[in-house]
Amino acid sequence: MPFASNGSGPAVPRGGVVQVTAELVATRRAGAYQHVTFAAPGIAELARPGQFVGLAVGGPTSANLLRRCFSIHRVSPSGVQGSTVDIVVAPHGTGTTWIAGLSLHEEVDIVGPLGTPFPLPTEPVSCVLVGGGYGSAPLFWLGEQLAAGGCHVEMVLGAASEDRLFGVVEARRTADGLTVTTDDGSAGTRGWVSDVLAQVIRRSGAGVVYGCGPMGMLRSVTEVASAEGAVAQVAVEESMACGVGVCMTCVLPVTGADGTTRMVRTCVEGPVFRGDRVRWDSFEDARALVPADAVGAPTEAGH
Amino acid sequence: MVDMSVTLGEVELPNPVMTASGCAANGKELHRFFDVSSLGAFVTKSVMAAPRSGRGTPRMAETASGMLNSIGLQGPGIHAFAENDLVWLKSVGARVLVSIAGGSSAEFADVAAVLRQSPALDCVVGVEVNISCPNVANRGLVFAIDPLASAKVVALVREQLPRDVPVFAKLSPDVTDVVAIASACVKAGADGLTMINTLLGMAIDIDRMRPQLGGVTGGLSGPGIRPVAVRAIWQVRSAMAEGRFRTVPILGVGGVRTGRDALELVAAGASAIQVGTATFHDPTAPVRVLRELEDLLAEKGFDAFTQVVGAAHRRQEVYR
């Protein structure tokens, strides 16, 4: 078969990543989203919160060649279904609609885990986990790991409306505190996560804020966290073609530890970055421009 | 067992399958999925003289059976490339086809000169000259549309490199007569041709009513363009057969997703195959295409890959 992956079993993990033919073992509606579970041998064993998977969509003869990448919601190395990976999909385009419409036992080529995980504190600290829409997907798994390390874990979940929140019930059950916001006031506090974040940080004495969601939200989360003296760790969203580091499409300007700004790949250098390292000033209207002081930035003579 | 080896100029490769420039970064990323030394050659991302940030985003748009990209030749610059990337590729035993680019013919020559000095030069099985980049001296139009500009770049690069390092000119299909450009490059000293680069395209974001790519236009690649590659290879191979210029190997590239696709380009006249955009879909695509091509040749009863290079031309003569 032309476009099948290298094999149906777990490939030999050469670099902490595998390509597997995964089987859909559960799919259910979650508000505006679809929560999908795949039996994907080999990925769960390697994955850590913040990492993502890349799915080939449309089947073997698909005209949609680019991988769709999703933050890993959770993994289970040895559940009833074997080694599983959960993702949360917002069906809007061709690929996401196809994934959301998959039936039980259908197969999907999955590559993962990809990207960098959320760094975990070496000592117990108070943490706030902020999720925008289904961006909250990886935060519950992260929260469990933080709690296991003795951290106090508060969550802030925000979305445009109640049906676009993800994981409120789970957060209520697992987090030490939960604050919900919606733009339209259909659940929780009317407004944005950034409206309530400062207060949550102060109340919980948080030293670290983890964020996942739209870029505008991550910028606000970083600004609020910085103003409150907390470190922001954010998982960014950039559209990707390959997810594995070869296409160079998912770049964004990030300042390194050496103080120099470079256009770096979300899929290998990220998706998790320290919020204060991302050059938020370069984003406007769904575009990331190259800052003039970035390494190799275009000059007046042309690029 | 099919003998998959192929000789390109003076360089012998164990098999004819390569990555395509700009679709495989510089090796480390794909080496997580397969041994890059198992390919006939690894083709690196086009490198220029200085480090380049590339363009802002969005840099890509999906199309029917393909994609548009507008990366803007992001790269580390030839010095860092020669000291780091090339040395790493050599350390894993890869045979490397180095893709170089420039905004002027002099820059191409400078890049080739730095490459020549690399301690890892012995892993280089060829240099691919990416003439599909904007020529600053010609209003930013690409070198590849102009036979004279293309020839000048090829000649200058050829001069800079040792004789045993073949130089391949990578041609754009966005020209009126690809044979004229191919001829100019071969007459200027190209030891081979890579065909084809992407086609210039554009997509509109209809929600925002603006160009979808940050760079406005971009290169179209993927299975959707394969017939254009087959056509261009066919025309140039025919011109060689007619004696219009020296017969040199063609590295076929453009929309190859399977072994069957690869065989189509080979039968049209390609002596090697580069797998590009398919790698974004399947990171193991280059080695999978190699395996599928070998199986297909065995199934069709061939003993050696070289038997099918240009095979469609020979068969066509029967019907003339």
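## Contact between the chains

In this predicted model, the interface between the two chains involves 39 residues of chain A and 41 residues of chain B. On the side of chain A that touches chain B, 24 residues are nonpolar, 11 are polar and 4 are charged.

## Domains of chain A

Chain A is assigned three domains: domain 1 covers 18–114, domain 2 covers 118–235 and domain 3 covers 244–303. The centres of domain 2 and domain 3 of chain A, taken over C-alpha atoms, are separated by 25 Å. Domain 2 of chain A gives 13 residues to the contact between these two domains, and domain 3 of chain A gives 8 residues.

On the side of domain 2 of chain A that touches domain 3 of chain A, α6 (215–227) and β13 (231–235) of chain A each supply at least two residues. The largest share of that side, 7 residues, is provided by α6(A). By residue class, the side of domain 2 of chain A that touches domain 3 of chain A comprises 9 nonpolar, 3 polar and 1 charged.

## The antiparallel sheet of chain A

In chain A, 7 strands make up an open sheet with antiparallel pairing, in the order β4-β3-β7-β1-β2-β6-β5. Its edges are formed by β4 (68–71) and β5 (74–79) of chain A; each has a single partner strand, so one side of each lacks a neighbour in the sheet. From one strand to the next, the twist averages 35°.

Strand β1 (residues 18–30) of chain A pairs with strand β7 (residues 107–114) of chain A in the antiparallel sense, through 6 bridges. Within this pairing, A:I110 in β7(A) stands opposite A:V20. β1(A) is also joined by 7 bridges to strand β2 (residues 33–39) of chain A, again running antiparallel. A:A26 has A:T37 in β2(A) as its bridge partner. β1(A) and β2(A) form a hairpin with 2 residues between them, and A:G31 in the turn has a positive phi of about 65°. β2(A) in turn pairs with strand β6 (residues 82–89) of chain A in the antiparallel sense over 6 bridges, where A:T37 has A:D86 in β6(A) as its bridge partner.

## The parallel sheet of chain B

Chain B contains an open sheet of 8 strands with parallel pairing, in the order β3-β16-β15-β10-β9-β8-β7-β4. β3 (17–19) and β4 (42–43) of chain B are the edge strands; each has a single partner strand, so one side of each is left without a neighbour in the sheet.

Strand β8 (residues 124–130) and strand β9 (residues 167–171) of chain B run parallel and are joined by 4 bridges. B:E128 has B:F168 in β9(B) as its bridge partner. Helix α3 (residues 105–116) of chain B packs on the sheet and touches β7 (96–100) and β8 of chain B, with its direction at about 150° to that of β7(B).

## Helices of chain B

Helix α6 (residues 226–241) of chain B has 16 residues, which at 1.5 Å a residue should span 22 Å; its end C-alpha atoms are 22 Å apart, in agreement. Its buried residues are B:R226, B:A229, B:V230, B:A232, B:I233, B:W234, B:V236, B:R237 and B:M240. B:G243 follows α6(B) and has a positive phi near 80°.

Of the 10 residues of α7(B), 9 are buried, so this helix is largely enclosed by the rest of the structure. The buried residues include B:D261 and B:E264, as well as B:L263, B:L265 and B:V266. After α7(B) comes B:G269, with a positive phi near 135°.

For helix α9 (residues 285–299) of chain B, the 15 residues should span 21 Å at 1.5 Å a residue, and the end C-alpha atoms are 20 Å apart, which agrees. Among its buried residues are B:R288, B:E292 and B:E294, together with B:V287, B:L290, B:L293 and B:L297. The buried residues of α9(B) pack against β3, α7 (259–268), β16 (272–275) and α8 (278–281) of chain B. Just after α9(B), B:G301 has a positive phi of about 85°.

Notes. Residues numbered from 1 in each chain as written. Chains lettered and ligands numbered in written order. Predicted model: local features only at pLDDT ≥ 70, side-chain atom pairs only at ≥ 80, totals over all residues. Contact = placed C-beta atoms within 7 Å. Nonpolar A, V, L, I, M, F, W, Y, C, P; charged D, E, K, R; others polar. Domains from an automatic or database assignment. Pairing = 2+ DSSP bridges. Axes fitted to C-alpha atoms, helices over the stretch in contact; angles between N-to-C directions. Expected span 1.5 Å × (residues − 1). Buried ≥ 20, exposed ≤ 12 C-beta atoms within 10 Å, placed from the backbone.
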